[in-house]
Amino acid sequence: MRSPLTGRLGLAAVLALVLAVFGLAPAASADPAPAALTFSTSSATTTPGGTVQLSMTLTNNKSYDVWFVYQTIDPTWLTTQRPDLKYSFTGCSVATASGSTSCAGTGPANLGGNYGATIPPGQSRTVTLTLQVAADSGCNGNIGFYSYYYAEFSDSSNATGGPVYTPETRVLCA
């Protein structure tokens, strides 16, 4: 006849062994995303007739060049539900190592081509859109945006991200 104490001690020993093995296992280190997309604005608020610079920075965290980027920027659903709000993107520039130049494709559209040629490992490109709020616009809340992106690298890998929603992509129109 088996003693219940022996069964309990055996179960406790197995449980202790499992906990010891998993407790002593090295923690997995988090690798950075292959490409990181961050946003910033030149001002947290605007008024009718005002402008705000909305900047998007794509950073290449891999050891290979970024060859291709596809990115969209669109207003959030709540922003589209405000019929009194009138705004547009009136300018676009890209910051590179050799300075800032104008870019094409302004508006809530494909911004990928605006990042320019390849992005070498560890470097970033910043595209800045000028958001113009119409002088006769209603201004009673946030203007919010979200973005999707897709990047291809010279090692034939790719990375996707989105939707990217961050507090920095909201501008209070008051």
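Is Asp 136 buried or exposed? Asp 136 counts as exposed, at 54% relative accessibility. Here buried means under 20% relative accessible area, exposed over 50%, and partly exposed in between, with a 1.4 Å probe and protein chains only.

**Before selecting anything**

This is a predicted model, in which local features need pLDDT of at least 70 and side-chain atom pairs count only at pLDDT 80 or more, while totals for chains, interfaces and linings use all residues. Residues are numbered from 1 along each chain as its sequence is written, and side-chain values use heavy atoms, with hydrogens and water left out.

**The whole protein**

Show the cartoon. The protein has 2 helices and 10 strands. Both kinds of element are DSSP runs numbered from the N terminus: helices are H or I with at least four residues, strands are E with at least two. Along the sequence the order is α-β-β-β-β-α-β-β-β-β-β-β.

Of the 174 residues, 34% are buried.

Contact means heavy atoms within 4.5 Å. Among contacts with a separation of 6 or more, 73% are between residues 24 or more positions apart.

**Stop 1: Asp 136 and Lys 86**

Select Asp 136 and Lys 86. They form a salt bridge, with the closest N and O atoms 2.9 Å apart. A salt bridge is a side-chain nitrogen of Lys or Arg within 4 Å of a carboxyl oxygen of Asp or Glu. Asp 136 lies in the loop between strand E7 (124-133) and E8, and Lys 86 in the loop between helix H2 (77-80) and strand E5 (87-96), so the pair ties together parts that are 50 residues apart in sequence. Lys 86 is partly exposed, at 38% relative accessibility.

**Stop 2**

Select Lys 62 and Asp 155, whose side chains meet in a salt bridge at 3.1 Å, N to O. Lys 62 is in the loop between strand E3 (51-60) and strand E4 (66-75), and Asp 155 is in the loop between strand E8 (141-153) and strand E9 (158-164), so this pair ties together parts that are 93 residues apart in sequence. Lys 62 is partly exposed at 22% relative accessibility, and Asp 155 is partly exposed at 28%.

Lys 62 lies over the face of Phe 153, 4.9 Å from the ring centre. A charge sits over a ring if NZ of Lys or CZ of Arg is within 6 Å of the ring centre and within 35 degrees of the ring normal.

**Stop 2: the aromatic rings**

The structure holds 3 aromatic pairs. Rings of Phe, Tyr and Trp (its six-membered ring) pair if their centres lie within 6.5 Å; planes under 30 degrees apart count as stacked, over 60 as edge-to-face and the rest as tilted.

Select Phe 68 and Tyr 150. Their ring centres are 6.3 Å apart and their planes are at 65 degrees, so the pair is edge-to-face. Phe 68 lies in strand E4 and Tyr 150 in strand E8, so the pair ties together parts that are 82 residues apart in sequence. Phe 68 is partly exposed at 39% relative accessibility, and Tyr 150 is partly exposed with a relative accessible area of 23%.

Next select Phe 89 and Phe 145. Their ring centres are 5.5 Å apart and their planes are at 45 degrees, so the pair is tilted. Phe 89 is in strand E5 and Phe 145 in strand E8, so the pair ties together parts that are 56 residues apart in sequence. Phe 89 is buried, with a relative accessible area of 9%, and Phe 145 is buried at 1% relative accessibility.

**Stop 3: two threonines**

Select Thr 128, found in strand E7. Thr 128 is buried, with a relative accessible area of 16%. Its side chain joins that of Ser 55 in a polar contact of 2.8 Å. A polar contact is a pair of N or O atoms within 3.5 Å; within protein, one must be able to donate a hydrogen and the other to accept it, and residues adjacent in sequence count only if both atoms are side-chain atoms. Leaving aside neighbours within four places in sequence, the residues in contact with Thr 128 include Gln 53, Leu 54, Gly 91 and Cys 92.

Last, select Thr 76, in the loop between E4 and H2. Thr 76 is buried, with a relative accessible area of 7%. A polar contact of 3.0 Å joins the side chains of Thr 76 and Thr 79.
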